[in-house]
Amino acid sequence: MDIDDTPEEAAFRAEARAWLEANAPAKGSPDDFSQAFFDQHADVADTMRRNADWQRRLWDAGWAGISYPREWYGRGGTLMQEVIFAEESADFGVIAGAFAVAHSMVGPAILELGTDEQRHRFIPAMLRGDEMWCQLFSEPGAGSDLAGLVTRAERDGDQWVVNGQKVWTSNADTSHHGILLARTDPDAPKHRGITYFLVDMATPGIEVRPLRQMTGESHFSEVFLTDVAIPASAVLGGPGEVGNGWRAAVHTLANERAMIGGSQAMTDVEPVVELARRLGALDDPVVRQELAAAHIRMRIIAFLGYRARTALSQGQAPGPETSVVKLAFSEHFRRLSSLAKALQGASGMLDDAGDGGGLLTWRFLFSPSTGIAGGTSEVQRSIIGERVLGLPREERPPEPSRAAITNREPVAATR
């Protein structure tokens, strides 16, 4: 760490470091699973088990949910303490990847907007590592324009019946619950009439189909919902929040961008530096310049993350600054992975070009998705231009009429 901690932060850092040294596996040890989520050859079930075991250890020792209030099962600390613990954890063979959606996106939404019953039911289970979550937002015709979603939820007594399709859902095949956006009032304006549900992924009528990526993994899935019955109590915030889901969705998306932009394991320049060292390329002035630029980008991203988290710690809602973090991360990751491939030369076409398990190959193949997931880079630039720089709004095509959206039938699952 190269910025000054306050005395309180320094004391917390020392406490966290001491606990991690006594309890976390070392980098490079047989128990190191810090890179397992970035290795297409890793055993997915084993990775998930080890991640859950680690999360349970954090819970038992009082390190889970550091910034969550004590009354809602957390440590009652600050967001900066959460950042400090993540920084210290990055030096060990651990990662919280399986629970990133739960802890960084779902948990904050439930804490801020959920009912007490929802907080009691879901927060401790996710902090213990008992339950994973996925995000059921994007649709084939509603990705960047999420408010154009057509998945429908119709009231039937004390439940809602949902029909539609979601796509690009991370870890849908291993998650216990999902956060679902569905249109509950087709006659309302585009950004209204959308409701935010907390869904049990084992509910009859939910079919998950993994999608194979060019990395060789099936990290994403398409999800079909056919006559899925969801209790009225599953509306985030309770029945009174029916039709107000867009506000919660914006809150969740801002946290998603901050989470993606704050991925230290994926912004780390050291694996590429080590590759250049092994190839004897560190004396090449062009390579040195590119590595220096990558290090500068990495530090800028870190400080952008600090700024966003500081705003959160002061009670400010996530805003357009998260788009700056997310865009900076996407550009950095793409350029860094391309640099690694350029260093490898022809051997970079191999699955494992002697770079330690194919990690750099995986990064290169994965890198295009970082400019899409969590909102495309083009969308982030529009948000920055309009909401940060105050530039005139871009011309937008006419919005479809309510009738046009209403008449777009949700896609049914077919074989």
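Mentor: Start with exposure: buried means under 20% relative accessible area, exposed means over 50%, and partly exposed is what falls in between, using a 1.4 Å probe and protein chains only. Bear in mind that this is a predicted model, where local features need pLDDT of at least 70, side-chain atom pairs count only at pLDDT 80 or more, and totals for chains, interfaces and linings use all residues. Residues are numbered from 1 along each chain as its sequence is written, and side-chain values use heavy atoms, with hydrogens and water left out.

Trainee: Why is D46 called partly exposed?
Mentor: D46 has a relative accessible area of 27%, so the label is partly exposed. D46 lies in helix 2, residues 44-61. Helices here are DSSP runs of H or I with at least four residues, strands are runs of E with at least two, and both are numbered from the N terminus. By that count the chain has 13 helices and seven strands.

Trainee: What makes strand 3 and strand 7 a pair?
Mentor: Two strands pair if DSSP finds at least two bridges between them. Strand 3 (residues 159-170) and strand 7 (residues 220-231) have nine bridges, in the antiparallel sense.

Trainee: What makes E222 and Q165 a polar contact?
Mentor: The term takes a pair of N or O atoms within 3.5 Å; within protein, one must be able to donate a hydrogen and the other to accept it, and residues adjacent in sequence count only if both atoms are side-chain atoms. The side chains of E222 and Q165 make theirs at 3.2 Å. Leaving out residues up to four places away in sequence, E222 touches several others, including K166, V167 and E207, where contact means heavy atoms within 4.5 Å.

Trainee: And the rings: how many aromatic pairs are there in the whole structure?
Mentor: The search finds 10. Rings of Phe, Tyr and Trp (its six-membered ring) pair if their centres lie within 6.5 Å; planes under 30 degrees apart are stacked, over 60 edge-to-face, and the rest tilted.

Trainee: Why is the pair of W19 and W63 called tilted?
Mentor: Their centres are 6.0 Å apart and their planes are at 40 degrees, so the pair is tilted. W19 is in helix 1 (residues 7-23) and W63 in the loop between helix 2 and helix 3, 44 residues apart. W19 counts as buried because its relative accessibility is 15%, and W63 does so at 5%.

Trainee: What makes F333 and F366 edge-to-face?
Mentor: With centres 6.4 Å apart and planes at 85 degrees, the pair is edge-to-face. F333 belongs to helix 10 and F366 to helix 11, 33 residues apart. F333 is buried at 1%, and F366 is buried at 12%.
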